[in-house]
Amino acid sequence: MTHPAFEHLRSHPIPALRLEFQEYRHTATGARHLHLAADDPHNAFMAAFLTVPQDSTGVAHILEHTSLCGSQRYPVRDPFFMMIRRSLNTFMNAFTSSDWTAYPFASQNKKDFNNLLDVYLDATFFPLLDERDFAQEGHRLEFAKPDDPQSELTFKGVVFNEMKGALSSPVQRLGLALQSRLFPTTTYHFNSGGDPEAIPNLSHEQLKTFHARHYHPSNAILLTYGDIPAAEHQERFQSGALHQFQALPLDFAIPDEQRYAVPIADSIRYPLDSAEALTDQTHIVLGWLLGPITDPLATLRARLLSDVLLDNSSSPLRHALETSDLGTAPSPMCGFDTSSREGTFVCGLEGSNPDQAEAVEALVLKVLGQVATEGVAQAAVDAALHQLELSEREITGDGFPYGLRLLMEALTPTIHGGDPIAALDSDPLLEQLRAESRAADFIPRLVRQLLLDNPHRVRLTMAPDPEMGMKQAASEHERLAAIRAALADADKARLVEQARALAERQQQQDNPELLPRVGLEDVPPDLKIPEGVIRTVGALPAHWYAQGTNGMVYLQTVLDLPALDREELDLLPLFCACLTEVGSAGRDYRATQARQAAVTGGISARASVRGGVDDLNQVMGVLVLAGKALARNQGELSEILWETLTSARFDELPKLRELIAQIRAHREEAITDHGHVLALAAASASFSPVAALNHRWEGLHGLQALKVLDDALDKPTALQNFAARLERLRDRLCAMPRQLLVVSEAERQDSIAQALAARWRDGERSSAAPFVLAKPQSQAPRLGFRANTQVNFCAKAYPAVPPNHPDAPALQILGDFLRNGYLHRAIREQGGAYGGGAGYHPDSGSFRFYSYRDPRLAETLADFDRAVDWLHGNNHPARTLEEAILGVIAAIDKPGSPAGEAITAFFGTLFGRTPEQRRRFRQRVLAVTVADLQRVASQYLQPERANYAVISDARTLADQPDWTVVAV
């Protein structure tokens, strides 16, 4: 059934995804509606617009922020974040890509879904775009003391600081620079997120004009997924927005890029702390512009070629990059990208030097030439095709709702006039590609056509500059000084008034009842948790979960950790990282990687350590070796996991050396993307054994140790010793008791059991002493970590309680309550940070405050304390508590993928987080009162017990005399 305002264009069943694709067109405006009808109550929505900025002021990005700051039907200051609190959503966000802006959400509750749909439609089509919100979210000039025109002038704004943080990442800086050179004349030449140097040039009028043109239904695509019928959605589309519009003759179509006649080379710089060595810190990449992504078969060919060249260590180009002395690791930018209308292919190295740029280019072209002349083994092409098939088959959803993932896949071609069906129903194209690939010259022809004979190639070298950070800061200071010098008294008065008006708006108490809501009465009565059964394989315990995995099998072997000395404990995460990358069963690592790619969706190893639910000092640890495969390959998956565990080769010393260098590079790159996580780990490290271990393994303490190890491994004897240590640790682990975890469809489990029984036999097991962790040592209460960043990451942590403690539910609610009522306004809106909040962390037994991409430091730390004062010094309406409870319940109830939910249930039970314990905790959350929040805050958030950690630059940390400062 179709709503009368819409025309049904076509329907297409997609059996592999168990859904039907439906396409509609709004008759009056031309707005498109794509609906994926599925028997799934986890419904998803996305409104998307083609947005094509013609400068780097960040207009599309700032509009994305500002449109969510109030609308005609919902004239409250912050409906987006208010709805997060009044909702049971499983996902809410907004994205700005290089050529589109999208507003997605998902919910399992139909009432909640429709509430969010009404708010999103009004926010996108009828935003208020208040000038004060533009100043808050985008940029503004403000005096350091807002009411004192004699104080220094500063730039402020959430997006302004967000993009400063983004460009603190060398890889993001490199990616934007390469894109601008690959696209010299189209919208992709510009930074759609905004360049901090250009953002202050954007005016409020330009923002409103951009919205009026781009956010019109004639330029809109509305996408839905789930079991709500398309006609129901269309009724809300029509009544909530579309009936007020008529068609506009808009044409934002992005033209083909003008092609280079010959390849070009360019170089740029990035800021690096002057205390660091400049050698081996250069990035060198080659980028090619390929064809339009609207041709689905050509796009799939390019993706296949990229996988054949770069997928794993057996792939010819990745192997050459990994083993080259010209750099430490392949660039994280390597691969085929479809985020622009015309695809790109990139490869290169990091950890190089500027004078090696020509050699890197020559190496890449030499490998491509060899592939063009000699081809590759058919097995390598088949393995890449297998990976494409597997990626289309797997039902994901553990980090991002599965329905939204499908909507994103449909959006990519649709936004440029392509066919979304081909992106979703890829089986016919895969069959055609499989037939084409049988030709001996298939890969050589693609290499020549797309790369070697394609002159639109850019070589970009990005070298470190120890003075660039200081120059940037000085340039901004001089710019502000010049602006200030030109200000008349009336201009100064206007800035003071703007700051006053914005502060007044930020303190404005809107009526939340203007927004729709769900309440505690809408919370489902129970928490759905998959249940497994124990069925031995030989004498080996095995846990079986029957889930709808769409023809996938997930297999994991779980080994108890023995007692480990300090050296072994520090070695364990590196052992896990290397285990699945080295050779096994007598094969070298390239042959092993090729076999993994041919029959699995990847294997991985990790160590998992958690404290007890009643006593955080009572720890348990396991080693997990995990893999997944299409059902037809489950026997091979079992065999590969066995071989990896029992016969991994640690004698390929050059490979081990490459792996450690690559791990270091990736960890260093993650600092500016995940700085708040690292700061939180450091602040809470002394509160429990597991917290200390997390800082040693995944945190900045671990990164410091990794850098020392990486430097030492240049000595052959050190590398040999490292390999011997890995070998000894493997032998110890293999002797420990183990069990299996299997997740698949029920009808496949008998055949899986037979395959497992052929290999997994439980012999005599070690009676080693059980795994324990020492109590953590005390640490400096104020730790500052010096890094290359233009913004700060702040954390403050207090010791709290284990998960089963009666106060744990109140502490869990307290985090959301403080964020909703105080921290969001103080840290993001007023302070200008991209993000901030607080929360109870049960695994570390701590309560923690944080900020992310924050221009402030001391003021933010003071806001953490003022949040507690706000809690105690005010009367709080009942709805504020209900909103905090809803947020926690939504997080507890958030669904994952079918396999992910089963795996979470198994490991939860293994570590004492049984279904009973999780359901009991959920019930106690629902019973928390405001008095409970105030009581636990008084009891646990005591200033003398707190630890601080911040990540900042050297200049900022130099102004903190009481802090212990260390280099990252």
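In which helix is histidine 386 found? Histidine 386 is found in helix 12, which covers residues 378-393, and because the model you have open is a predicted one, everything on this tour describes that prediction.

Select histidine 386 to begin. Its relative accessibility is 5%, so histidine 386 counts as buried, the cut-off being under 20%. If you set aside the neighbours within four places in sequence, the residues in contact with histidine 386 are Ala597, Ala598, Val599, Thr600, Leu630, Arg632 and Asn633.

Stay in helix 12 and select glutamine 387, which has its place there too. Glutamine 387 also counts as buried, at 17% relative accessibility.

Next, select helix 9 (residues 296-310) together with helix 16 (residues 442-452), and turn the view until you can follow both axes, which come within 10 Å and cross at roughly 105°. That angle makes helix 9 roughly perpendicular to helix 16. To display the contact, show Arg301, Ala302, Leu304, Leu305, Val308 and Leu309 on helix 9, and on helix 16 show Phe442, Ile443, Leu446, Val447, Leu450 and Leu451. Coloured by class, this contact between helix 9 and helix 16 would show eleven nonpolar residues and one charged residue, with no polar ones.

Move on to glutamine 662, which lies in helix 22 (residues 653-669). Glutamine 662 is buried, with a relative accessible area of 9%. Not counting residues up to four places away in sequence, glutamine 662 touches Glu322, Thr328, Ala329 and Pro330.

The last stop is helix 26, running over residues 716-734, whose 19 residues reach 27 Å from the first C-alpha to the last, close to the 27 Å expected at 1.5 Å a residue. Which residues of helix 26 are buried? They are Leu719, Phe722, Ala723, Arg725, Leu726, Leu729, Arg730, Leu733 and Cys734. Look down the axis with these residues selected: they cover an arc of only 160° around it, which puts them on the same side of helix 26. Finally, turn to the face of helix 26 that points away from this buried side, where you will find the exposed residues Pro716 and Thr717.

Note on methods. Residues numbered from 1 in each chain as written. Predicted model: local features only at pLDDT ≥ 70, side-chain atom pairs only at ≥ 80, totals over all residues. Heavy atoms only, no water. Axes fitted to C-alpha atoms, helices over the stretch in contact; angles between N-to-C directions. Helix = DSSP H or I, 4+ residues; strand = E, 2+ residues; numbered from the N terminus. Parallel < 35°, antiparallel > 145°, perpendicular 65-115°, else oblique. Contact = heavy atoms within 4.5 Å. Nonpolar A, V, L, I, M, F, W, Y, C, P; charged D, E, K, R; others polar. Expected span 1.5 Å × (residues − 1). Buried < 20%, exposed > 50% of the residue type's maximum accessible area, 1.4 Å probe, protein only. Arc of directions from axis to C-beta.
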